[in-house]
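Let's take a friendly walk through a protein model, from its inside to its charged pairs. Keep the sequence and the 3D view at hand as you read.

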Amino acid sequence: RIWYVFKREGIKIPFPIRDIQLSHIEEKKHLLQKQSEEGWKKSVIDAIPLLKPLSTEEKKVIAKHSMIQTYGAGEKIVIQGDAGDCAYVVYEGSCDVVLRHKEGSESVVNVLSPMSIFGEMSLLTGAARSATVVAKGDVSVIKIDKSAFSEILSSHGAVSETLAEMLAARAAELSASTDKSADLMEKKSQMLSRIKNFFGIG
């Protein structure tokens with residue numbers, strides 16, 4: 001797994017390691033180099049429902065600040081309980097979402113396929129990771145960190161409200177409350193407050 005760590009940190013290795021196993025990813029990277037990488041990342045970002053409310057220019061800002069990372073089979077991309085301020089979009093490969101239960105046991109609760117996003121609560125509110133995400137094989141992700149949103153949210157307050165509403169809708173769907181409309185309104189207010197506090201928006 002050292003190869004993947006070096007790759008993510010931009011450290012060059014003077015001889016090929018796992019080139020055969022990773023040829024499909026490397027071929028994709030060569031294609032990216034022939035295109036505008038920011039334009040390519042924006043096309044992926046365009047497909048993410050959570051980011052659809054953003055304007056074209058705002059998505060370009062996200063693309064500019066995001067980065068591509070590669071993980072190997074079994075590597076943990078995020079760990080349940082850890083602090084975080086970034087989200088990830090799966091571009092190639094798939095990941096297991098592993099939940100650690102109170103009694104200590106673990107179970108796979110979901111499998112993330114390409115174009116899935118995870119870590120959005122940490123990205124927008126600074127919440128601790130709610131689950132561990134593990135690469136099932138060679139995986140490429142686009143990492144979107146807090147700095148990508150700081151510029152947008154500080155100048156466009158309406159975006160904060162839209163994102164808060166979308167996060168609240170997700171939370172309300174999982175709620176056991178029978179009064180979904182009241183639950184949604186309360187959660188939206190809570191989410192908006194958390195987003196503003198996290199980004200220092202007045």
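In the largest nonpolar core, which has 32 residues, the members that touch the most others are Ile62, Leu124, Ile144, Phe149, Leu153, Leu163 and Ile195. A nonpolar core is a set of buried Ala, Val, Leu, Ile, Met, Phe, Trp, Tyr and Cys residues joined through side-chain atoms within 4.5 Å; buried means under 20% relative accessible area, exposed over 50%, and partly exposed in between (1.4 Å probe, protein chains only). Elements that give two or more residues to this core include helix H3 (37–46), helix H4 (56–65), helix H7 (157–174) and helix H8 (180–199). H7 gives the most, with five residues. Helices (H or I, at least four residues) and strands (E, at least two) are DSSP runs, numbered from the N terminus.

This is a predicted model, where local features need pLDDT of at least 70 and side-chain atom pairs count only at pLDDT 80 or more, while totals for chains, interfaces and linings use all residues. Residues are numbered from 1 along each chain as its sequence is written, and side-chain values use heavy atoms, with hydrogens and water left out.

Now find the sheet. It is open, with four strands in the order S1-S8-S3-S6 and antiparallel pairing. Strand S1 (67–71) and strand S6 (117–118) are its edges, each pairing on one side only. Two strands pair if DSSP finds at least two bridges between them; S1 and S8 are joined by five. Ile68, for example, has Ile142 in S8 as its bridge partner.

What about charged side chains? The structure holds five salt bridges, each a side-chain nitrogen of Lys or Arg within 4 Å of a carboxyl oxygen of Asp or Glu. Here are three of them:

| Pair | Closest N to O |
|---|---|
| Lys42 and Asp46 | 3.0 Å |
| Lys188 and Glu165 | 3.8 Å |

Lys188 lies in helix H8 and Glu165 in helix H7, so their bridge ties together parts that are 23 residues apart in sequence. Lys42 and Asp46 both sit in helix H3, four residues apart, about one turn of the helix. Lys42 counts as buried at 15% relative accessibility, whereas Asp46 is partly exposed at 25%.

Finally, look at Arg129, in the loop between H5 and strand S7 (132–135). Arg129 is buried yet has no salt bridge, and the nearest side chain of opposite charge, Asp85, is 5.8 Å away.

Key
Lys, Arg positive; Asp, Glu negative; His and termini not counted.
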